[in-house]
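User: Could you walk me through this structure? I'm new to this, so please spell out the terms as we go.

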Amino acid sequence: MRILAPFVVVLLIGAWSPAEGQSDTAAAIDRSTQEVLPQVVTWRRDFHQHPELGMQEVRTSKIIADHLRGLGMEVQTGVAGTGVVGILKGGKPGKVVGLRADMDALPVVEQVDVPFKSTQKAMWDGQETGVMHACGHDNHMAMLMGVATVLSRMRAELPGTVKFIFQPAEEGPGGAEPMVKAGVLENPKVDAVFGLHVVPYTSGTIVYRSGPLMASADEFTIEITGRQAHGAMPWNGVDPIVRTVRPNLVIG
């Protein structure tokens, strides 16, 4: 969770603020971050205990929307299904920055015994399965809600506008494209979007690059079939177990 403070600092100071006064602003952000951190942990554990699959994030989106409204933001719900967008208008002129977090969980049975363990069930691919935040989206939502809290407290000093984008169905059937088609990057038009993903680096470390990072790979299917043969003529058969798959080799 310690990534919350430097992430806000990068956005506010690195992108917007002039050189003078940076240390005072950073100190204020750090203090506010430490104050909200226990609530961020509470949100994360609640989301973890009550995960929802893509396009089913009804409870999740309500908690997020209620929190953003409580901060005095203009809030849009039901964006491309269950998406939520909060708009925070700063007290000074500036650009529009989007901050994005994903909301959906995976059809995975949780096996770790913690007090906030998920016991949720849902239908997936025609059968009942467990549901779990196994990809960090519970962290992402809680952290972005924390960022919203911190930035709303300094609204008067904030240059520009921040859009808090909570996206459904990152794991599928794909919530980003429908949200863009629904106009999430317009009215007001977003100049830049920042997203983040928790990874097993040392606490307090940020790893970044320009352009896409940790994007989804293309899906592909390899079909391996065998052919039965008489034991006296094994050369007429094809054993699928020992068959070797080579790159760019189509296996029939």
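**A walk through the fold**

Analyst: The protein chain has five helices and seven strands; helices (H or I, at least four residues) and strands (E, at least two) are DSSP runs, numbered from the N terminus. It's a predicted model, so local features need pLDDT of at least 70 and side-chain atom pairs count only at pLDDT 80 or more, while totals for chains, interfaces and linings use all residues. Residues are numbered from 1 along each chain as its sequence is written, and side-chain values use heavy atoms, with hydrogens and water left out.

User: In what order do the elements of the protein chain run from the N terminus on?

Analyst: Let's just read along the chain. The order is α-α-α-β-β-β-β-β-α-β-α-β.

User: Which strands stand at the edges of the open sheet, and why is one side of each left without a neighbour?

Analyst: Five strands make up this open sheet, with mixed pairing, in the order E1-E2-E6-E3-E7. Two strands count as paired if DSSP finds at least two bridges between them.

User: How many degrees does the twist average from one strand to the next?

Analyst: Angles here run from 0 to 180 degrees between N-to-C directions, with axes being lines fitted to C-alpha atoms (for helices, over the stretch in contact). From one strand to the next, the twist averages 20 degrees.

User: In which sense do E2 and E6 pair, parallel or antiparallel?

Analyst: Have a look at residues 83-89 (E2) and 159-167 (E6), which are joined over six bridges. Leu88 stands opposite Val162 in E6, and Lys89 stands opposite Thr161 in E6. The pairing of E2 and E6 is antiparallel.

User: How many bridges join E3 to E6?

Analyst: E3 and E6 run parallel. One of the pairs puts Gly98 with Lys163 in E6. The number of bridges joining E3 to E6 is eight.

User: Which helix lies across E2, E3 and E6?

Analyst: Look for a helix at residues 137-153, running at about 160 degrees to E3 (92-102). That's H4.

User: Is Thr161 buried or exposed?

Analyst: Thr161 lies in strand E6, and nine of the nine residues of E6 are buried, so E6 is largely enclosed by the rest of the structure. Beyond its neighbours within four places in sequence, Thr161 is in contact (heavy atoms within 4.5 Å) with residues including Ile87, Val97 and Pro188. Buried means under 20% relative accessible area, exposed over 50%, and partly exposed in between (1.4 Å probe, protein chains only). At 13% relative accessibility, Thr161 is buried.

User: Which residue in the turn between E4 and E5 has a positive phi?

Analyst: E4 (residues 121-124) and E5 (residues 127-130) pair in the antiparallel sense over four bridges, and Lys121 has Gly130 as its bridge partner in E5. They form a hairpin with two residues between them. The one with a positive phi, about 55 degrees, is Asp125.

User: What percentage of the 252 residues in the protein chain is made up of buried residues?

Analyst: Now for the whole chain. Its accessible surface comes to about 14,500 Å², using the Shrake-Rupley method with a 1.4 Å probe (for residues, only the protein chains shown count as cover). Carbon and sulfur atoms hold 53% of that surface. As for residues, the buried share is 38%.
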